[in-house]
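Reader: I would like to go through this model with you and ask what stands behind each label.

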Amino acid sequence: WVQAVEGFVARRDDLEAELMELRGQALPPDPDAFLEREAERARKAEIAQVEQTLAYYEQARVELDEPGEVTWEGEDLSLVVGGRIPAFRDRLAQDLGRRPQRLTWSFAAPDDDLRHAALSKLLPMLTVFAGTDATPGLLARARRGLTHARTIEHESSTCDEARARWESAIATIADPARAPEYGGLRILPQLGLLPLGPDPRSGLWEFAHLASGEPARRDTSGRHVLAESTGIVLVLIPGGELVLGAQGTDPTAAHYDPLSESTEQPVRKWRLLPYFLSKYELTQGQWCRVMSSNPSSFHDAGTRAWRATSLHPVDSVDWEMAGEFLAELDLVLPSEAQWDHAARAGTDSAWVFGSTALSLLGFANVADATLLRSVFWPRVAEAGGGVSPEIEDGHAIHAPVGSFRSNAFGLHDVCGNVAEWCSDRGEFSYTTEPSYGRAERNNHGDGTRTLRGGSMFGDAGAARAAARMRVGPELRAEWIGLRPARELDR
């Protein structure tokens, strides 16, 4: 593809010269042709608008005979009006002297008509491929992407170190004695991923996503040392049966939660295939490396109260933006079932970390006593948000990822910090049957999407294990982010 496009781009100057030569041989334009009439009508309308504006300022200048009248910025109004008159006179002269752009072309020879039509369509496409001095085109992006893909392929599978790491990972994961969590799961090398080894606490294997940044490294205790350049760390989540939802009537039954709501019912059992889920929420640094911009409301240019770093989660991302980012890296949003399964990590309590709100201490950043004392609380309260003053987590806005203790699967911030998008579409009910494997529900419904995990602006109740939020996909807020997922290549 690159070679084919390079051939066309190399001929662009010759093709432009051919187009200009053809147009020099064109028949005179037909003034009665529809496009030519519309172009002339638009030109006359623009001239009339400039004439009307000029007349307005000239009349205003005559009427401003009382000195000292000023604008809201304190400028002398007569000087302001007088200064605009010459500018509009110059613009009118230019518009009157400008010839309308020709929009239709015809030729004596039918072959010239066909050639002109083809060149007129082709040349704008070549600009898209070749780009401009200010904006790189698709060809440059494809070259970079191809080089990057070859580098990733080498670093993740073909170099000696990568092959050795994958051989060790595949053998260990398939051995029930050494990795009982996976039940003898046999995997293939995953293109673009590099094994980092098992988390020393959870026993689950973790992998560096090479296209998103540098592989994370561990300190002597086994914890990751995160830096601005660190890429996404994916955890291989075991598949199996999951129980989704909560109920508040039977303390002896599964997922008993006295605060459960109707949207969390009925309690359902489904099965999941193994999958990858990010150990951390997506950071601002990871987003910026791919998208070259930062949508976050809290960022490094903010005031002291608003300032965040590249290791804070990206925020103010809507559902479509999240999908566009993930598609660049061959990642996806988790289904709600996948998110729930990984967040609970085998627990059955109302909160991931226990049966009371106080179990979040040390594990989650929610609306707490710190937020209550901050400049953000009035805004949160006005929006109807709650607070849990019995909790003190030390953060009024989102915290750097990994600041709090992980769950039993080694995932951080599954409660609080930023709410996380899920991939399911449509009907907000557990009654509909999901797809196999991801247990994803895709219904037409009302077009809403699901957020999970609560946030730094939500109280402890919003961070319960089964708590869900139903919103439109276009919602962007400083308390919304995402956690990448990936399917297992088989």
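Reader: What makes residues in the lining of the second largest pocket nonpolar, polar or charged?

Author: Happy to explain: Ala, Val, Leu, Ile, Met, Phe, Trp, Tyr, Cys and Pro count as nonpolar, Asp, Glu, Lys and Arg as charged, and the others, Gly among them, as polar. Sorted that way, the lining of the second largest pocket holds 10 nonpolar, seven polar and seven charged residues. Please keep in mind that the model is predicted: local features need pLDDT of at least 70 and side-chain atom pairs pLDDT 80 or more, while totals for chains, interfaces and linings use all residues. Residues are numbered from 1 along each chain as its sequence is written, and side-chain values use heavy atoms, without hydrogens and water.

Reader: How much space lies in the second largest pocket, and which residues are closest to its centre?

Author: The volume is about 520 Å³, taken as the space filled by probe spheres set on grid points joined across faces, edges and corners. Ser455, Phe457, Gly458, Met469 and Trp479 are the closest to the centre, out of 24 lining residues. Helix α12 (377-382) and strands β10 and β11 each supply at least two residues of this lining.

Reader: Why is one space called a pocket and another a cavity?

Author: The search uses a 1 Å grid over the protein atoms alone: in a cavity a 1.4 Å probe fits but cannot get out, whereas a pocket is an open set with protein on both sides within 12 Å along at least five of seven lines, and lining residues have an atom within 4 Å of a point. Two cavities of 30 Å³ or more turn up in the whole structure. The largest pocket, by contrast, is an open set, with about 820 Å³ of space. Helix α6 (138-158) gives the largest share of its lining, seven residues.

Reader: What makes β10 and β11 partners?

Author: Two strands pair if DSSP finds at least two bridges between them. Four bridges join β10 (residues 449-452) to β11, and the two run antiparallel, so they qualify as a pair. Arg452 stands opposite Arg468 in β11. Strands here are DSSP runs of E with at least two residues, helices runs of H or I with at least four, numbered from the N terminus. These two strands belong to an open sheet of four, ordered β11-β10-β9-β12, with mixed pairing. β11 (468-471) and β12 (480-481) each have a single partner strand, so one side of each is left without a neighbour in the sheet.

Reader: How do you know that α10 packs on the sheet?

Author: Contact means heavy atoms within 4.5 Å. Helix α10 (residues 336-344) touches β9 (419-421), β10 and β11, and its direction makes about 10° with that of β10. Axes are lines fitted to C-alpha atoms, for helices over the stretch in contact, and angles run from 0 to 180 degrees between N-to-C directions. α10 also lies across β5, β8 (275-278) and β13, at about 70° to β8.

Reader: Which sheet holds β5, β8 and β13?

Author: They sit in an open, antiparallel sheet of five strands, in the order β1-β2-β5-β8-β13. Its twist averages 30° from one strand to the next. Three bridges join β2 (residues 205-209) to β5 (residues 233-237), and Ala208 has Val233 as its bridge partner in β5.
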